[in-house]
Amino acid sequence: MTGIICGTGSYAPSYTMDNNDIAKLVETSDEWIQERTGVVRRHIIQGETTVSMACEAAKRALDNAEVTPEEIDLILVSTISSNVILPCAACEVQKELGAMNATCFDLSAACTGFVLAYNTAAAYLAGGIYKTALIIGSESLSNLTNWKDRGTCILFGDGAGAAVLKAEDQKFYLPVTHSDGLKGVALTCKSRHDCNGLTSEIAAESLVDEAHFMQMDGQAVFKFAVKKVPEVIREALKRNKMTQEEIDWYILHQANRRIVEAVAKRLEEPIEKFPMNLQEYGNTSSASIPILLDEMNRTGKLKAGQKIMMAGFGAGLTWGATIIEWHS
Ligand code: COA
């Protein structure tokens, strides 16, 4: 028994900032950002919130799955940037959808969040506790971004992605996940300041204590990702007695094109097996994997029976890999 994905949805704000817009805020250039990260533009909230984006992505996923809100037993929202502390974002989504039979809670594991949300929901479904789950990654990272720090503001964006899982009598692929709190200092954000959808002009004037924003040792995070992601992918294959040849797609957290390319190289896999959309969204933390999954689903790239390796990594530090078989 496992949780198979039977529908996906995503949402990105219509307002975008391209690299030239960022270059008006900090000393950088389109050329530098594209070369070092692959990011071209990012979508930024303007009126939307983490909860409103989560609701929109969820509605699209439910439509795609042809599942009604009443059928949902579990709603899990993975986020580090919710606009509400209480009640949790998942309960806010429940209220908006009218999913009154669901148990709802949030999960905070940064860019590994969607992988952990999938694992958590799949375990509940495999255990027979719930039958239908809605998992969502939604982030307004623009609220946590220091728009005066060129080491971070070039990277992040806002958006949400969702998936509906149903309990089915199919193979349960064992995930592999890790955490290392000792190295957490590499990527921190000590508190939260709701900037309510920063525009570039307001951002430039923003005078908020730096502790409110994400602070990152970029090189440390880069080295961590490039080493640990191939390792955890190999561990997940070994744990399920599978080979790389059996994997059709590697859907990695979309942090940086160079990280994705380095992982492909270390695994000696063709880059074509590593779809990317970070050029359009930047790093949307726990939303990046479900947004990409939804785009691949809707453009018909995912075929029934294909095996997908999802891998996330980020603050904590946390990282993990999980294999799913596509059934939609
Ligand atoms: N524009 C122009 N120059 C910049 C810049 C920017 N946005 N940011 C840094 N620089 C400069 C630095 O000051 C440095 O200049 P110097 O050589 O004169 O000292 C030079 O570029 C190289 O800086 P460095 O920090 O070594 O760059 P990098 O190649 O490591 O790239 C990141 C920086 C942030 C793009 C890269 O480290 C990265 O992507 N790390 C992973 C981050 C990540 O994915 N985090 C989330 C994980 S979930």
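Guide: Start with exposure. Buried means under 20% relative accessible area, exposed means over 50%, and partly exposed is in between. The model is predicted.

Visitor: Why is Lys183 called partly exposed?

Guide: Its relative accessible area is 49%. Lys183 sits in the loop between strand 8 (176-179) and strand 9 (187-188).

Visitor: What makes the pair of Lys183 and Asp180 a polar contact?

Guide: Their side chains meet at 3.0 Å. The cut-off for N or O atoms is within 3.5 Å, so the pair counts as a polar contact.

Visitor: Which residues touch the most other members of the largest nonpolar core?

Guide: That core has 34 residues, and Ile233, Tyr250, Leu252, Val263, Phe274, Met309 and Phe313 touch the most other members. Elements giving two or more residues include helix 7 (218-239), strand 11 (249-252) and helix 8 (257-267). Helix 7 gives the most, with nine residues.

Visitor: What does Leu252 touch, not counting residues up to four places away in sequence?

Guide: Leu252 touches Val229, Ile233, Val260, Val263, Phe274, Ile289 and Ala311. A second, separate core has 30 residues, among them Met53 and Cys104.

Visitor: How many residues surround the ligand?

Guide: The ligand is surrounded by 23 residues, and Gln219 is among the closest. A polar side-chain atom of Gln219 is 2.4 Å from a ligand oxygen atom. For Arg258, the distance from a polar side-chain atom to a ligand oxygen atom is 3.4 Å. The protein covers 72% of the 960 Å² of accessible area that the ligand has on its own.

Definitions and conventions. Residues are numbered from 1 along each chain as its sequence is written. This is a predicted model: local features need pLDDT of at least 70, side-chain atom pairs count only at pLDDT 80 or more; totals for chains, interfaces and linings use all residues. Side-chain values use heavy atoms; hydrogens and water are left out. Helices (H or I, at least four residues) and strands (E, at least two) are DSSP runs, numbered from the N terminus. Buried means under 20% relative accessible area, exposed over 50%, partly exposed in between (1.4 Å probe, protein chains only). A polar contact is a pair of N or O atoms within 3.5 Å; within protein, one must be able to donate a hydrogen and the other to accept it, and residues adjacent in sequence count only if both atoms are side-chain atoms. A nonpolar core is a set of buried Ala, Val, Leu, Ile, Met, Phe, Trp, Tyr and Cys residues joined through side-chain atoms within 4.5 Å. Contact means heavy atoms within 4.5 Å. A residue is near a molecule or strand if one of its heavy atoms lies within 4 Å of it. Accessible areas come from the Shrake-Rupley method with a 1.4 Å probe; for residues, only the protein chains shown count as cover.
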